[in-house]
Amino acid sequence: MVATIFLIAALFYEFRPYVPPLPDGPWPNALAIETGIEAIRSAPEGVKTSIAERISTKDLMFQIGHPLECLPLAQNHLSELLRRILNVRFGHEEENIIVKTCALGEDGDTMASVYLPSQGIFVLARESIHFHWPQILRMTLPLIVAFGSLLVMIIVISIWCIHRINHPLTVLASRAEAFGYDISPAPLPAKGPAEIRNVACTFNRMQARIAYVVEERKRILMAVGHDLRTPLTRLSLRVEMGGKELDQAAMRRDLILMNRMLNGALAFLKEEVEVASTEVVDIRSLVESLCSDFTDMGKNVVFSGNAELVCVCDAVALSRAISNLIDNACKYGENVSVNLWRQDDYAMIEVTDDGPGIPAAFRETAILPFARLDPARTSPGGLGLGLAIVQAIVDRHYGKLVFADASPHGLIAHIAIPLNRDRRLAAMISS
């Protein structure tokens, strides 16, 4: 817009008239008639007629010797004013200048007929303003250029805006279509307006999450197949060998182990996809009741925590996660302590045992399903799904699971559950 304003100013300056225009009325005609008459009078006799023809226009016509055709009309004030002006200009040379009002045809414009008897010069001058194409172009060119420039700029900017919005959407649509066939494509570039960039980032997170889930399922199936192969091989050998090797108790143990493997895998998959209802839960009562259950089973589990913490969560899933941690602590340690306190907007649950612990290098692997750690914390028939289920439940509640070393030995498992789940979810989405 600023550039257009300067362009309009430059055009008006460039096309400005060198001489200020005369006002409407007979004055422009008087000046043109005077100039034409002086040109004809100063020319030789043989060329006067030719000059009259050359200087004639549609608005001002000169004729030598005989008058131009024109229908007489009643005299008007413009013709009278033109006569007075010409008498002043030629008064010392022409005693009588005749000016009459006429028209070129019945529907023609009003004309002023001027006759100089002493020179034999006849003139027809149009009284009304008649615009020809050069005049119209000269008067309107600045405005035409200005509005044309605005139109071009609007069209260019509109095309650019539409392309800037539609191109990322087209790429997103094509990537979404291709995602149905290739679950591991390259991340979508975050380009375009802020909203389109947010959509691209959200799509990339969804794509990465789906790819991770698919790969996780593949790994689980491979792990289940690998773990089932050993007991199936033993069963096959016992059946083929028969006799004393056909031990029903041993076969029963293999079948129980296989059943546990399948049930564990199904439970983990169900935990990943299940959407349970939430409710208001008293965290202190929930954790304390779980510790009491283990104490009743003869386990040395001590609970401590005076904070009254209430949050909205899935009570069944959270109970399962805490129970898995306490159960693992009881398997690998003799003394287990469970602490509960509040830290900012989180309920902090800490399960500590005095067992061998988990080396720092294996802690990230420990939460993977069917993970196999060092022999220090491997129990017979363990499937490696306990901590994976805990991690899935904590992630579903937008919490955190962290491991640390206990003193002098053992493992500390920290669970942080947000008390204000809706605010935590909004913060994660916005980030």
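Five strands form an open sheet with mixed pairing, in the order E7-E9-E10-E12-E11. Strands, like helices, are DSSP runs numbered from the N terminus (E, at least two residues, for strands; H or I, at least four, for helices), and two strands pair if DSSP finds at least two bridges between them. Strand E7 (300–304) and strand E11 (400–405) each have a single partner strand and stand at the edges, so one side of each lacks a neighbour in the sheet. From one strand to the next, the twist averages 20 degrees.

The model is predicted: local features need pLDDT of at least 70 and side-chain atom pairs count only at pLDDT 80 or more, whereas totals for chains, interfaces and linings use all residues. Residues are numbered from 1 along each chain as its sequence is written, and side-chain values use heavy atoms, with hydrogens and water left out.

Within this sheet, E7 and E9 run parallel and are joined by 5 bridges; Phe303 has Val338 in E9 as its bridge partner. Strand E9 (residues 335–343) pairs with strand E10 (residues 346–353) in the antiparallel sense over 8 bridges, and here Trp341 is partnered by Met348 of E10. Two helices lie across these strands. Helix H8 (residues 283–296) lies across E7, E9 and E10 and runs at about 160 degrees to E7. Helix H9 (residues 315–332) lies across E7, E9, E10 and strand E12 (411–418), at about 20 degrees to E10. Such angles run from 0 to 180 degrees between N-to-C directions, the axes being lines fitted to C-alpha atoms, for helices over the stretch in contact; contact means heavy atoms within 4.5 Å. The covered face of E7 carries Val301 and Phe303, while Asn300, Val302 and Ser304 belong to its uncovered face.

A second open sheet also has 5 strands, with antiparallel pairing in the order E1-E5-E4-E3-E2. Its edges are strand E1 (60–64) and strand E2 (71–72); each has a single partner strand, so one side of each is left without a neighbour in the sheet. E1 pairs with strand E5 (residues 121–126) over 5 bridges in the antiparallel sense, and Gln63 has Phe122 of E5 as its bridge partner. Helix H2 (residues 26–41) lies across E1, strand E4 (110–116) and E5, running at about 30 degrees to E1.

Salt bridges are considered next. The count comes to 8 when a side-chain nitrogen of Lys or Arg must lie within 4 Å of a carboxyl oxygen of Asp or Glu. Glu80 meets Arg83 in one of them (2.5 Å, N to O), and both residues lie in helix H4 (residues 77–90), 3 residues apart. Glu80 also meets Arg84 (3.5 Å, N to O); being 4 residues apart in helix H4, these two are separated by about one helical turn. Elsewhere, Arg342 and Asp345 form a salt bridge (3.9 Å, N to O). Salt bridges that share partners join Glu80, Arg83 and Arg84 into one network.

Finally, which residues make a nonpolar surface patch? Phe12, Leu143 and Phe147 make one of about 330 Å². Phe147 is found in helix H5 (residues 133–179) and is exposed, with a relative accessible area of 56%. Exposed means over 50% relative accessible area, buried under 20%, and partly exposed in between (1.4 Å probe, protein chains only). Of the 431 residues of the protein chain, 35% count as buried.

Terms used. Patches are made of residues with over 30% relative accessible area and no salt bridge: like charges are joined within 9 Å, nonpolar side chains (Val, Leu, Ile, Met, Phe, Trp, Tyr) within 5 Å. Accessible areas come from the Shrake-Rupley method with a 1.4 Å probe; for residues, only the protein chains shown count as cover.
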